[in-house]
Amino acid sequence: MNNPINEEIKNNYVTFEGLLKNRKYTVEKHIYLNEKKPNRKDTNFYNDVLSYKPHKVHLIIEARQDVATCFRFKLRCEHFTKVPYFRFDSDGATHRNINKNLPLVEQVVTTPHFNSFDEDGNSIAYKTVELKDNTTRDILLKDISLCFAHFCHETNIRYPEEDFSEVIPYPSSMLPLDIKYDDPLANVDFDGQ
Amino acid sequence: MDNKENIFKIIKEEFCSLWNFKERGDTLEIITPFSTTNAKFISVFVTRKTNKLIVTDGGWMMGGEYDIIPDIDDEIFYRIYEHYLNYYKIKVYEHVGYKYYYKSIDEIELLSSLVYDLAHFMSSIISVSQIEFYDYKEKSERETFKNDANRFIGNLLQNKNIIFNKELSQDYKAVRFNAIITQGPKIKLVRYITGSTTSYFLSSLTKATVDFEIANNSRFNSHIAQRVGLINDTAQGFAEAHLFRHIHALEEHTKRDIVKWSERDTLIPILQ
């Protein structure tokens, strides 16, 4: 069975914390999502290495073309652990933080949320104060660059020194006016079922 | 013991408070209390289409939203998957590369039963997907080759008129090809063959041969323009000296030479 515990992170938590907390730099002011995600034609994609030593850390950004509020930021360090070690999900599945000391209702973390790992190598999700506040959350989700800056705060990424890169996923005319989660079934007719 | 009714009330109240929702245009996402063994809560989507109420996974399950894509190429997993699919009477609908699992109903009074079935189905499938039925090395070999080949063929055809990992038809569900390319009334079938050991390679080769044979004996035969066995000759399990008879058997059914991954550019005139 796939081990639900990430052993690399559990056994090298200091390395994990370093990867997360040490200063990293993006290499360009404007990050263009020019590529398509492999096998997902509707998702724009960016994957490049951050300026960081001694490890090779990849920043991965995915953004749905048709839904401006649906995007992900990921950090991956392949020679440390195969899966992304930190992630932001603007939308998607709700996470469960399994913890016997936590009431069941408090184990539920809906999106948007950050995904990280605890000292035992368990995958955990959490919301920052900004994401818990609905007004601030909506302001962040309306602007992918603003949300990216929030991600950079969590992960100590900057450009060039104390500023942040901007993410350009699509023409600015497509920026959302209102927060609305996409209707995944808008154009699906189920064969008239 | 504490007041028993009170205990029951506490548990029921907490369980019920797990339900949540998001409005998505004309669709309602329901976040259910059903969870998976990779710590996700299952969401189902409810919408109305031509007077029917539809409950579906929204394309999330095979779209990778639960951090894993169920591997229906895996024989053992496929049997489990079919068991749950049949037990809960789940229907499958494919639309622009997405696969939707769903149930439909006329009356809103019966909706909860559908949500219950679909959420159970999804929770089971995602959880079972965490189990490695093959050894890790073999699973990794197959995944890597599949991704590399998908990317190569996808780029070659600019992702047009191509469906990856699809059954021949609804009545040939167990006969699957890695890529089916549609060009007018004609189709081209591609099967990837690999293995981390000679034994796994042989198994992959034999299954491909049988599936091409079944396709040739089906009503689709006259529509099949090309049959391609794409062999991963860079895999550790590829031992030509041991496999040549089986490769020959495959070629009899594909009616052409196999294509080796190291010579993959020869696919260009075949598939374009």
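Two residues are in contact here if their C-beta atoms, placed from the backbone, lie within 7 Å. The model is predicted.

Q: Which residues of α4(A) and α5(A) meet?
A: On the α4(A) side they are A:Ile139, A:Leu140 and A:Leu141, and on the α5(A) side A:Leu146, A:Cys147 and A:His150. By class, five residues of this contact are nonpolar, one is polar and none is charged.

Q: Why are α4(A) and α5(A) called roughly perpendicular?
A: The axes of α4 (residues 134-142) and α5 (residues 144-155) of chain A cross at roughly 110° and come within 5 Å. Angles of 65 to 115 degrees count as roughly perpendicular, so the two helices are roughly perpendicular to each other.

Q: What makes β7 and β11 of chain B the edges of their sheet?
A: The open, mixed sheet has five strands in the order β7-β8-β9-β10-β11 (chain B). β7 (162-167) and β11 (259-260) each have a single partner strand, so one side of each lacks a neighbour in the sheet.

Q: Why do β8(B) and β9(B) count as paired?
A: Pairing takes at least two bridges. Five bridges join β8 (residues 176-183) to β9 (residues 186-193) of chain B, and the two run antiparallel. In one of them, B:Thr182 has B:Ile187 as its partner.

Q: What makes β8 of chain A and β3(B) a strand pair?
A: At least two bridges are needed, and two join β8 (residues 94-96) of chain A to β3(B), running antiparallel. A:His95 stands opposite B:Lys40 in β3(B).

Q: Which element supplies the largest share of the side of chain B that touches chain A?
A: β3(B) does, with six residues. In total, 43 residues of chain B are in contact with 31 residues of chain A.

Notes
Residues numbered from 1 in each chain as written. Chains lettered and ligands numbered in written order. Predicted model: local features only at pLDDT ≥ 70, side-chain atom pairs only at ≥ 80, totals over all residues. Axes fitted to C-alpha atoms, helices over the stretch in contact; angles between N-to-C directions. Helix = DSSP H or I, 4+ residues; strand = E, 2+ residues; numbered from the N terminus. Parallel < 35°, antiparallel > 145°, perpendicular 65-115°, else oblique. Nonpolar A, V, L, I, M, F, W, Y, C, P; charged D, E, K, R; others polar.
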